[in-house]
Amino acid sequence: MKIGYYPGCALHGSSNDYEQSVRACLQQLGIQLDELDEWICCGATAAHMLNARLATALPARNLALARQQGHEQLLAPCPMCSMQLLKANAELHDRRVRCEMSEIVELPLDASVQVLNLIEVLQQVSCEEIRHKIAVPLEGWQPACYYGCLLTRPPSIVRFDDPEHPQSMETLLRICGAEPVSWNSATRCCGAGMTVANEETVLELSHQILADAHAHGANCIVVACPMCHVNLDMKQGAIQRRDESLPAMPVYYLTDLVGRAIGLDDRQLGIDRHFVTVG
Amino acid sequence: MARIGVFTCWCGENIARTVDVQHVAEALAAEPGVVCSLAFKYMCSEPGQSLLSRKIAEERLDGLVVASCSPHMHLRTFRKAAETAGLNPYLVEMANIREQCSWVHHDRKLATDKAIELVRMSVAKVRHNQPLNPIRVPIVRRALVIGGGVAGIQAALDIADAGYRVVLVEREPSIGGKMAGLSETFPTLDCSQCILTPRMVDVAQHPHITLHTYSEVESVEGYLGSFRVTVRKKARYVDIDRCTGCGECWTSCPSGKNASEFDFGLGRRKAIYVPFPQAVPARPVIDAKACLKLTRNRCGVCLKKCQAGAINFEDQDQMIEEEVGAIVVATGYELYDIKARDAGSSVSGYGEYGYGRYADVIDSLQFERLASASGPTGGKIERPSDGREPKTVVFVSCVGSRDRAKGIPYCSKICCMVNAKHTMLYRHKVHDGEAHVFYMDVRAGGKNYDEFVRRAIEQDGARYHRGRVSEILEQDGKLLVRGIDTLAAVPLTIAADMVVLANAMVPARGVQQLAQKLNVGYDEHGFLSESHPKLRPVETNAAGVFVCGACQGPKDIPESVAQASAAAGKVLVMFARDHLTREPEIACIDQRSCSGCFTCLQACPYQAISRQEITDRAGQVLRYAAQVNPGLCMGCGTCVAVCRSKSADLAGFSEQQVYGMVESLA
Amino acid sequence: MGHHMDLLPHQLIRLVQLGQGARAIRADAIWQCVSCQTCTSRCPQTVDCAAVMDALRQMAVENGVAAPAQKRTWTFQQAFLQNVRRNGRLSELELIGVFKTRSFADDWSVPGLWKDSLLAPQLLRRGKLHLMSEKVRDRGVVRRIFQRCEETTAGQPSLESGGSHE
Amino acid sequence: MSGDAFEPKIVAYVCNWCTYLGADLAGTNRLEYPANVRIVRLPCTGRMDFNLIIKAFEIGADAVLVSGCHPGDCHYTAGNYHARRRWILFQELLTTLGIDLHRIHFTWISAAEGRKWQEVIQEITESTRELGPYMGYRHICEVQK
């Protein structure tokens, strides 16, 4: 199976460990990623904060490129990117917007490209197939599945899982032999894009998430978002300096754990490049 | 040649101010067939009506046009006047030169010209009017009541007490409905079962009431005055006539871990069970999904224990035909299921409240069972997870209701009172307990209602917070209820032992399918539509079918009972007549030209068209043609529009009449 | 985030409804909002609170009422877009550099300038820091998209009508 | 309709329970609108035989309006759906015949929408004034002969 791939800036930047993990895991599952040529930034928080039109135009350009390059489905592993792409896609249903955007981005447009997040791509591989490929069942793993904000919100745009009680990561990880815990922070915010600009907020919110995971007996956190990983993993040192009682909590990408279960090692998945390492 | 009279009304100044009525009368006098054309100040007044009668006699009129207001205003008046004067009322037409002319135009010339054309159209129509006679339909003086909750019980008893026979159909094994499961009722705190169960017994013992429990309406045919209803009596596996209700069977049944529907899953019941001790009929039913004999062909203890020989594992669903003249629908409500996912929508209700995940988050009907002396805890407030007495309980209003995002924009009306009652019941039982209520507004409209809420706050110490609950989290065995008090503008987190959600009221499941069988309309939420929100509150658009109780919209017990009596009253009005009459403006089919395509049969919204054999003298079938059942036809005319051979026509709006009107505009 | 805010989200929405946007944009709260969209997805009246927050921030900057400390997010986002405009894609190193110097110019806090730089060697060791920025080939089209969007955004909502209610 | 300026003739087929009452309400509220419309009251738009549209053009109408209850609100439960379904089919036929579909208007107006009735009539009158007299139908008739 071949699928269009929109990495987004983070996966080509400091979150390239996420890209490594996604590529390795999906390849093992038989999914080829075909990177969108000439993709540009989706605009992220900045565009929707500063210029609404730009917030549609930047993702629209990418959707137009996908269409031009013949991709029916487009994977955006970063939830910020996939939400922006989905939002633009929804707006393109309006003929007037479509015409206007088409002129702005200099390419013909329609709303035909299906944008997928990482979990949706994994769901396309049937449970049976994953079960079949499992080499090292994740016995003893009790992950707290962390969805953060944009995988499920705003529900009217992303239309993915239950926005208040999502279970799709849990379902996948159970197939891999893990026992996900039930906890409170699955859809709480980690501070997201405030990492640089408003560190205080990030440290506080991420601290709550880490503490909640501990309180509910998790031995790791699983994410499907580069920003969540930065805040929970890279910033964990800073958080621990404020609360020394907080034990170290490894933070994995979803594909890290699925990848391990289907026999990939930490180097292949880029886990060795995380900040928090345990054991 | 027609002899038509035209009467143009001044309506005081209302018409005469902008329309030159005298000119209209003169212009119309020249129309072919018009033998008299007059203008008069108030046609609807007594002198106006006598002028009409006089002219009918003097001029031997055979058609009448009154040019005045909207036919919705006075058509009936003028038709009655004509009838008194000996003219068939259906030979009267109106031209609306007030609402649709003088009131909406200012230019006198234009308005007068338009008025003349409008009256001409009506003259062109009346030329083709035919005398019609109201249709008489016989009445079967027997009523069907669907639903045996408090509304259905009230309606059935009222009709039966008047001396007419009633068939009461209830889906569950016992009548009583939601009210039978309530603890105490607002605003008087009288025990629900104490007031309802005697009424239930009355139903069972009433000589005029036939009770079908554990039964559903399968199909409905016929029309006002004469419906044929098929009732499916579901297999109960117990012969309730033989059964003595001794209880040997259910005390010895080994399958005891089934969630009790009556206790909303908080209690357990056997596979053979009576839903609650005061059930009517007080006879058991076997749950075919739980019974070991029926599922795995083992056990059969009840069969051995039963002295009366009432157990029958071979029991099958039975179909019963009932003939009735009127139907009362009282199917009630249920609570919005916040666990269920809406098909096609990604929103599943309130995942953030953890209902279904946290055992101690319950809904308000479950709390009723906890507070009820006959409930699973014997009336002690115990939390479902560990049986401990909760010391802090949070009651949440508007769960679903008034939440456009969840698709329920309406107010469920009872929850504010239910919450106040619950805080009282709780505080009466747990003196050192804290009761918190989160609310958007307190809507306590009703006799002694607001006083009741104040009592909950002032005497019983309920803590009311104006604001919504954002989420409920679980930590160290406590439920953290995170919300806001918007009056204080403070975010609040309450560590609670139990949370009670006041879920929205929605129509009972399956009511839409029932409504389709009955041809009754319903709104987007599934509540049945009354005929007129103010003036015909219990009638429906299907003649002879009435509604009452929460199936029509959220309401409390007093309102349901009042509406049930109103519906019963309407049924009795019908039954008091010798025969029923219906408007004769209905469809007919010319079977000589009918090609038998039966497009009309498909299109008819009332199933009023049937297939009829056309035979020769020897009784040999020649062909099939469509036929209109005058009892069912409501006169919409859809069949006329779809008829390919132009064989269908609609009295009062016939092809000739309608085309005549358009042609008059040439 | 609610408990940190000087005005709670529902109060901000109410101020906007009452035509007192001028007070809303002076609130610290609009800068504490992390755009997590929880409010939008839970509002029973389907108000898109997160979008209102965006609009308020925009107005606060345009009307010059945002304090430098509050504006940090804003400055960051501006630097972000400029970076994308130049390269088509984001270069994190460039962005952080630009942002640090700009916010330094605003509030002169030297610790702020250096705090994150301490992570740089660690990032480098993990192969997470790219000294060369990634660029798309056709940067002309990116520039033109930006230009077109900026032209057509003139006439955004303003605060002219606000503030008269006090 | 004499005079220099062209005043269109508009025939409106409306249902008895929604649009007719909506037009009545416009009257009760004294909402003024152009005097060009002539209402034909039908029990339901389900009764609407689309030949009536042709008939209206035949007698010289410049525009036709068909208006009934909103979807879901039909007094006879589904008559307006039937009308809509048939209209979709009939439209094709009219197009084939060469009838100008801009002359035919379809709306839903409820008994509570007096204001909408006023607006619809204003709009249709205005747009028909701009289109001018409907000569097209007469041409079609001649060609058919």
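With a relative accessible area of 46%, B:R54 is partly exposed, and its side chain meets that of B:E58 in a salt bridge in which N and O are 3.6 Å apart. Both residues belong to helix α3 of chain B, spanning residues 46-58, where they are 4 residues apart, or about one turn of the helix. B:E58 is likewise partly exposed, at a relative accessible area of 49%. Elsewhere, salt bridges with shared partners link A:E164, A:R188, B:E352, B:E471, B:R482 and C:R42 into one network. The model in which these pairs are described is a predicted one, and over all of its chains the count comes to 67 salt bridges.

Of the 4 pairs of chains in contact, chains A and C share the most contacts. This contact takes 53 residues from chain A and 53 residues from chain C, and the area buried between the two chains is about 4,900 Å², with carbon and sulfur atoms giving 59% of it. Between chain A and chain C there are 20 residue pairs in polar contact, both residues being at pLDDT 80 or more. On the side of chain A that touches chain C, at least two residues each are supplied by α1 (8-11), α2 (16-28), α3 (44-50), α4 (52-68), α6 (95-105) and α11 (199-215) of chain A. The largest share of that side, 7 residues, is provided by α3(A), and by class the side is made up of 27 nonpolar, 13 polar and 13 charged residues.

The salt bridges between chain A and chain C number 6. In one of these, A:E106 pairs with C:R144, the closest N and O atoms being 2.6 Å apart. C:R137 also forms a salt bridge with A:D37, at 2.8 Å between the closest N and O atoms; this pair crosses between chains, running from the loop between α9 (120-125) and α10 (139-152) of chain C, where C:R137 lies, to the loop between β2 (32-35) and α3 of chain A, where A:D37 lies. Of these two partners, C:R137 counts as exposed, at 59% relative accessibility, whereas A:D37 counts as partly exposed, at 36%.

Within chain A, a salt bridge joins A:R53 to A:E100, with the closest N and O atoms 2.3 Å apart. Because A:R53 lies in helix α4 and A:E100 in helix α6 of chain A, the pair ties together parts that are 47 residues apart in sequence. A:R53 counts as partly exposed at 25% relative accessibility, and A:E100 is also partly exposed, with a relative accessible area of 26%. In α6(A), the residues A:V97, A:M101, A:I104 and A:V105 are buried; seen down the axis of α6(A), its buried residues fall within an arc of 80°, so they line one face of the helix. On the other side of α6(A), A:R95, A:R96 and A:E103 are exposed. At the start of α6(A), a side-chain oxygen of A:D94 comes to within 2.9 Å of the backbone nitrogen of A:R96, while just after α6(A) the residue A:E106 adopts a positive phi of about 65°.

In the contact between chain B and chain D, 44 residues of chain B meet 41 residues of chain D. The two chains bury about 3,700 Å² between them, 60% of it on carbon and sulfur atoms. Polar contacts between chain B and chain D involve 17 residue pairs, both residues at pLDDT 80 or more. The elements of chain B that give two or more residues to the side touching chain D include α4 (71-84), α6 (108-126) and α19 (655-663), and α19(B) gives the most, with 6 residues. By class, this side of chain B has 23 nonpolar, 13 polar and 8 charged residues. There are 4 salt bridges between chain B and chain D, and the side chains of D:K55 and B:E663 meet in a salt bridge at 2.6 Å from N to O. Chain D does not touch chain A, their nearest C-alpha atoms being 22 Å apart, and no contact joins chain C and chain D, whose closest C-alpha atoms lie 25 Å apart.

Two further positions in chain B were examined. B:A625, in strand β33 (residues 621-628) of chain B, counts as buried at 0% relative accessibility. Not counting residues up to four places away in sequence, B:A625 touches B:Q591, B:C594, B:F598, B:S610, B:R611, B:Q612 and B:I614. B:S372, in the loop between α12 (364-371) and β21 (392-399) of chain B, is buried with a relative accessible area of 4%, and B:S372 touches B:S183, B:G378 and B:G379, again leaving aside residues up to four places away in sequence.

Note on methods. Residues are numbered from 1 along each chain as its sequence is written. Chains are lettered from A and ligands numbered from 1 in the order in which they are written. This is a predicted model: local features need pLDDT of at least 70, side-chain atom pairs count only at pLDDT 80 or more; totals for chains, interfaces and linings use all residues. Side-chain values use heavy atoms; hydrogens and water are left out. Contact means heavy atoms within 4.5 Å. Buried area is the accessible area (1.4 Å probe) that two parts lose on being put together, summed over both. A polar contact is a pair of N or O atoms within 3.5 Å; within protein, one must be able to donate a hydrogen and the other to accept it, and residues adjacent in sequence count only if both atoms are side-chain atoms. Ala, Val, Leu, Ile, Met, Phe, Trp, Tyr, Cys and Pro count as nonpolar, Asp, Glu, Lys and Arg as charged, and the others, Gly among them, as polar. Buried means under 20% relative accessible area, exposed over 50%, partly exposed in between (1.4 Å probe, protein chains only). The arc is that of the directions from the helix axis to the C-beta atoms.
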